[in-house]
Structure formats: structure tokens, C-alpha cells
Amino acid sequence: MRSNKPRAPLCAVALIAGVLLYPTFAAALTLEQALQLAEQTAPSLEARAADVQAAQSSAVFAGELPDPKLTLGLQSVPIEGESRWRADRDAMTMQMIGVMQEVPNRAKRRARTEAAQAGIEARGVQQFAELLNVRQQTAEAWLAAFAIEQKLTLFKGFYHENQLFSQAIKARIAGGAGQTADSVLPQQEAALLAEKEDELLTMRTIARAELRRWIGDAASQSLTGDWPEWRADPASYQQNLQRRPALLAYEPMTREAEAKVRQAIAEKTPDWSWGVDYLRRGNGFSDMVNLSVSFDLPIFTGSRQTPKIAAERAKLSQLEAEREVALRIHTQQLAADLAEYQRLDRALARLDQTLLPLAEEKVRLSLADYNAGTGELTSVIDARRQLVDTRLRRVDIARDRSLSNARLHFASGDTQP
């Protein structure tokens, strides 16, 4: 009969190997790890990178001459007499092959190059803005999920306190100092706690789904860390307002629009082209060469070039006006975000320093009055409910403060936590 003893060490080795091969499933997920995963896997960042690459490739030929043209043909072919449709009988008949090159004027080519370079810079800023957006959305999803986990952790203490409370009431009833109906109240409190916990479990599923949108299956891992703290100096944010990616993008966009205006103006300067043709005649006739130069004649500028220049200048004016609108919007949004962050910062300090200690003290005093026979059990239950709500609200305020901090941080163009 075969022995099964060697299987235990093999199982242990397999388990250890599994942990080493898949460390991400054993470790908890921090905010910074979530941000790194989002950067590595976000499809929108791949799209922006491809857009930048496309702009760079397009800029390579922006100021180059167009491709030359090959010309082929027959000239002076007779259509009557004995030599009709013959290319080698008549002295005037020639087989032609040639090359023609169009040469746009230098100002036009320079403007095209400048517009292409500005387009690359604009797309680079847009790529950076998308990176910040991905990081912000990931941070917000992580914070929402982390807050729910923090609340669920509190429920272990809530249930433990409820059990101790229930035991105290039963002991008081057994000693003849309480009413039998009082034993129901801790059970009701436990049921209400379970109801709140069920709501949180549902919210956890939703929050994890949102986080999974940004980091994939890693969203199923447990979360670890603390509430993030980013720089929140109002003077610094005001000073760096113009450095926000949403506003920085207008600088290369404006240069691109200005280059297009110059390109439209350059349309008034004639382009030219040159050509060389080799003409071969039949036997006994000498071959020939044609040399040619041609020029555009922009003589209808009032109906062609001038309206185009006006259109490009109008687009430039539109862009400048939109930049001013965006600046005002961001100025207003910054003031509102700073005010909200400062309010939440004060609210969190107030909870830690005043409201939470008072709620805990109220529970102790109500319980002391009840044990002394001078207070009602319902007062104890109400005080305990207020303490639970205050502890849960403390998590909400900490979450909202971190979310407000994240909006300020990422909107300013910062990428490091």
C-alpha cells in the first residue's frame, strides 16, 4: 500500500511557491500602487500616446516639398494619311517623359512646420492632462472604497459594545433593578447595526466595481494605508493657477492658430513649379528637351485668400476668448475648492477635538445615570446611536477632505502623492 506522507511537504512547497509567484494577491493595495496600476493599464493614456506619435510623424513632412510628378505622353501624332497613328514616321511626333516639381513658397512651408510643432506640444499637454485625470479618478475610487472598509472595520467594535451592553442589561434585570422589556432594546440596536452594515456591503460592491474600472482585478485586494495628505497651500495654488494643464494647453494651441494665420497670409505669395521633359522622335529625327517654369497667379484674393485669412484670424480670436473663459472658470473653481477643503479640514478637527469626545462622554454619563436608577434606558440607546453615527460621520468627513485635497492636487498639475 502506497504511503501518503510525502504529500504534506509537497503541498507546503506548492503553497509557498504560489505566494512567491503571486505576491499581489497576498499583499494589500496602497493608494500609490493603485495609481501606478492605473497609469500602466489605462486605455485612454494609450490613445493619447498614439495621438502624440501621430502628430510627431505628421510633423516630419509638414514643411517638405510635395512629391514630384512624372509626366508621360505623345505629342503631334498624325491622324490622317499614311503615317496616321504612327509615332515614328512624322518629324513632329514625339514621345514625351518628364518630371515636374511644385514648390510652395517658403513662408507657407515655414508656417506649416510651426503649426505642426505647436500641434505636437498641444497634444503632449493633453496627454499629461489625461494622465492627471486617470490618477485623480483612480484616487477618488480608491478613497471611496477605503472609506467603506474603514466603516466596516468599526462595526466589529459596535457589535462587541452591543454584546457588552446586552450583558449589562441582563445582569441588571437579573438583580431586580431593571425591566424585562429592556432586554429587547440591545437586540433592536443590533438589528439596526446589521441593517447599516448591509447597506455598506452593497456600497462596497459598487465602490470596488468603480475601482476595477481603473486598475482591473487588483481592485479585489484588501486596501491598506491612511488618508493621503497632499500640499494644500492656498497661496501656492493661486500662484500656480496658470500652470494647470487645462490652461497650459491654450499656449501651444494659440501658437498653432497663429501659424495657420501666417499660412493663410502666405497663400497670397505665388507658389511656383518647374519641369523637365525629354521628347523622343522617330528614326532620323533629333530628340528634344523642354524646360518649363510656372507660377500661380493669386489675382482673386478678395474671394479666396482674404476670406481664408479672416477665418483663421477669427478662430484665433475665438481661442483667445475661450482661454479667458477657462481662466475665469478655473479661478472660480479654485476658490470654491479651497473653501470646501478648509471647511472639511475644520469639520474633521471639530469632530476629533469636540464632537466625538462629547458623544463618548454622553454615552458614559447616560449609562451611569441608568445604572444609578436616575436615567432611562432609551437615553442610553439614543446616546449610543449618536456615537455610532458620529464615528461613521468621522469617516465620511475624512473621505470628503481627502477627495477635496485630491481635486486640488491633481488639478494643479502635480502627479506625486
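**Aromatic rings and the core**

Tryptophan 142 and phenylalanine 146 are both buried (under 20% relative accessible area with a 1.4 Å probe, protein chains only; exposed is over 50%, and partly exposed lies in between). The model is a predicted one, where local features need pLDDT of at least 70, side-chain atom pairs count only at pLDDT 80 or more, and totals for chains, interfaces and linings use all residues. Residues are numbered from 1 along each chain as its sequence is written, and side-chain values use heavy atoms, leaving out hydrogens and water.

**The aromatic cluster**

- The rings of phenylalanine 146 and tryptophan 227 are edge-to-face, because their centres are 4.9 Å apart and their planes stand at 80° (Phe, Tyr and Trp rings, Trp by its six-membered ring, pair with centres within 6.5 Å; planes under 30 degrees apart are stacked, over 60 edge-to-face, the rest tilted).
- This pair links distant parts of the chain, 81 residues apart: phenylalanine 146 lies in helix H5, and tryptophan 227 in the loop between helix H6 (184-215) and helix H7 (234-239) (helices are DSSP runs of H or I, at least four residues, numbered from the N terminus).
- Trp142, Phe146 and Trp227 form one aromatic cluster.

**The nonpolar core**

- The largest nonpolar core has 44 residues, and Trp142, Leu211, Ile215, Leu223 and Trp227 touch the most other members (a core is a set of buried Ala, Val, Leu, Ile, Met, Phe, Trp, Tyr and Cys residues joined through side-chain atoms within 4.5 Å).
- H5 gives the most to this core, with 14 residues.

Definitions and conventions: Helices (H or I, at least four residues) and strands (E, at least two) are DSSP runs, numbered from the N terminus.
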